[in-house]
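Dear colleague,

I am passing on the structure that I mentioned, and my notes on it follow below. Please read them beside the sequence and the model.

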Amino acid sequence: MREGLMIRLMRLYVPSCIFRFLFPKSLTSLPPPPSFPTSSQRTFCSKINTSSSSGFGASKAMNLTKKQQEVLTAISNGKSVFLTGSAGTGKTFLLQQAISLLNQIHNPNEVFITASTGVAACALNGQTLHSFSGIGLGEGGKNLLLNRVYKNKPASKRWRIAKALVIDEISMVSGELFDKLEFIARKNRPNNKEAWGGIQLIVSGDFFQLPPVIKKSPSSSSSSRSVSDKEFAFEADCWNSSFGLQVELTQVFRQSDSQLIDLLQGIRRGFKDDHHLQLLRQCCSSDESSLASKIGSDSSSTVPRLYPRNEDVKRVNDEKLRNLGGEIVSYRAVDSGNEPWKSQLKQGMAPEELEICLGARVMLIKNKAVESGLVNGATGTIIGFIEQKGVIRTICPRGGLLPKVRFDSGREMLIEPDSWDVMEGETVRATRKQVPLILAWAISIHKCQGMSLDSLHTDLSRAFGCGMVYVALSRVRSLAGLHLSGFNSSKIKAHPKVLQFYEGHLDSD
Ligand SMILES: Nc1ncnc2c1ncn2[C@@H]1O[C@H](COP(=O)(O)OP(=O)(O)OP(=O)(O)O)[C@@H](O)[C@H]1O
């Protein structure tokens, strides 16, 4: 870290011919400095337009809040940071800024971008935490996992050379795993006795959102230590020594309606306030026909349905597609690269096979034209298929038939294939090429974590566990766009340990 800062400072103050002589490699690998606003430009809030863009991942010209700025300053000072906050407070947005900053401070080949889920990893062009760390499924004691990493040469090299490690969606990493990874980091870096062997750690997520999937061992008896002892990462023994700064962002950008923000803050904490329940009941429409009579059948058919379970998502999308009765056009993804990175492509948003037809409801899963709102999460309808020369023939049927989408904003666009990389430092390890669309009549709540939607309908009758209701509801931008069915206040749940963790000791704005 100190070396990176020194290079940046010298770059500012040393004549370029001398700098090039001193750091021939660094000079070519360091991109221009980050363009986040300086402290004198902290005129946030009033300049923010929260309603115009659809989807997530759009990086418009925005000013950072004081807290967001502080996080970047701490990172450039070499601190390890835990970044949290409720849905829509800009964690992902800030993480993207942090990644470009880290890539300027360090050699990008020594900066590793990971996430606990394939969807989140693909969204950041990173790899899953499991594939980065070389621990396989992560089952077994820490020494067993360490030996597995020692035998995996590329993985132990990653641990040795890492200067910075980014972990997104930390809420889905258990405390048990967090401790094991810290142990592996330290053992691979014996010269540095600090936590994580001195790797700068940038961790982001909201523990009130989806929790880790804990496999209960069938052999565990009451006397043996349960796997759920350290269920959440903040319960890890090494948690506090891992960070120089733990920050909670509190300013919500996704929603601007204070009534909705207040309602979501309550649900996040598992509160069942009468006033909030009353508001939610007003959003209920018992079935599809009552939703249609409430908002009109044209509008109701375009509202994405969020379901807790994948089988419901598949059933609804298949049913709606077949009901249109049009000729199905299929797009088959082309994958390249080696294992284990290639397998991670299957966990991302881009489907192996995309089946669509005229009239199908679709969602964009890549930013196409940020300035016109054609970003990740924008929804629309297929209005035609047009033959195009020069596209990847193996993906597209009949040697180049591309789908044309009319987005809900009114913009139309021919959607060309795009690519998703699994990166390790600056090296591309695997790539999927596919048309960047998914069917959007229905989406799973797990996959929509991170999205912003103008409207949604969610059937919560099969919701399970803590945080699921909160994740579903917090995707919407306004109360007018929120439609519910199967709602039951008993499904609003926050974990008591999470509540306790957020009480007090985080630095918030
Ligand atoms: N400083 C800012 N000014 C204006 N808009 C911002 C700012 N920070 C973030 N945003 C916008 O707020 C929206 C939500 O941000 P983001 O998706 O990063 O939130 P998040 O905390 O990651 O949410 P979730 O937990 O649901 O994934 C995005 O449209 C983002 O561009």
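Notes on the model

Leaving aside neighbours within four places in sequence, cysteine 238 is in contact with Phe178, Asp179, Glu182 and Ala195, where contact means that the C-beta atoms of two residues, placed from the backbone, lie within 7 Å. This is a predicted model, in which local features need pLDDT of at least 70 and side-chain atom pairs count only at pLDDT 80 or more, while totals for chains, interfaces and linings use all residues. Residues are numbered from 1 along each chain as its sequence is written.

Cysteine 238 itself lies in the loop between strand S5 (200-204) and helix H11 (239-242); helices (H or I, at least four residues) and strands (E, at least two) are DSSP runs, numbered from the N terminus. From alanine 195 it is 43 residues away in sequence, yet the two are 7.3 Å apart in space, C-alpha to C-alpha. With 19 other C-beta atoms within 10 Å, cysteine 238 is partly exposed, since a residue counts as buried at 20 or more such atoms, as exposed at 12 or fewer, and as partly exposed in between, with C-beta atoms placed from the backbone.

In helix H12 (residues 258-268), the buried residues include Leu260, Leu263, Leu264, Ile267 and Arg268. They cover an arc of only 135° around the axis, which puts them on the same side of H12, the arc being that of the directions from the helix axis to the C-beta atoms. The buried residues of H12 pack against helix H13 (274-282) and helix H19 (468-473), and just after H12, glycine 270 takes a positive phi of about 80°.

The domain assignment of the chain gives domain 1 (66-210 + 229-249) and domain 2 (330-437), with bounds that come from an automatic or database assignment. The centres of the two domains, taken over C-alpha atoms, are separated by 29 Å. To the contact, domain 1 gives 15 residues and domain 2 gives 13 residues. On the side of domain 1 that touches domain 2, the elements giving two or more residues are strand S2 (111-115), helix H6 (118-123) and strand S3 (127-128), and H6 gives the most, with four residues.

Finally, the ligand: of the 22 residues around it, Ala87, Gly90, Thr92, Phe93 and Phe253 come nearest, a residue being near if its C-beta atom, placed from the backbone, lies within 6 Å. Helix H5 (residues 91-105) supplies the largest share of this shell, three residues.

With best wishes
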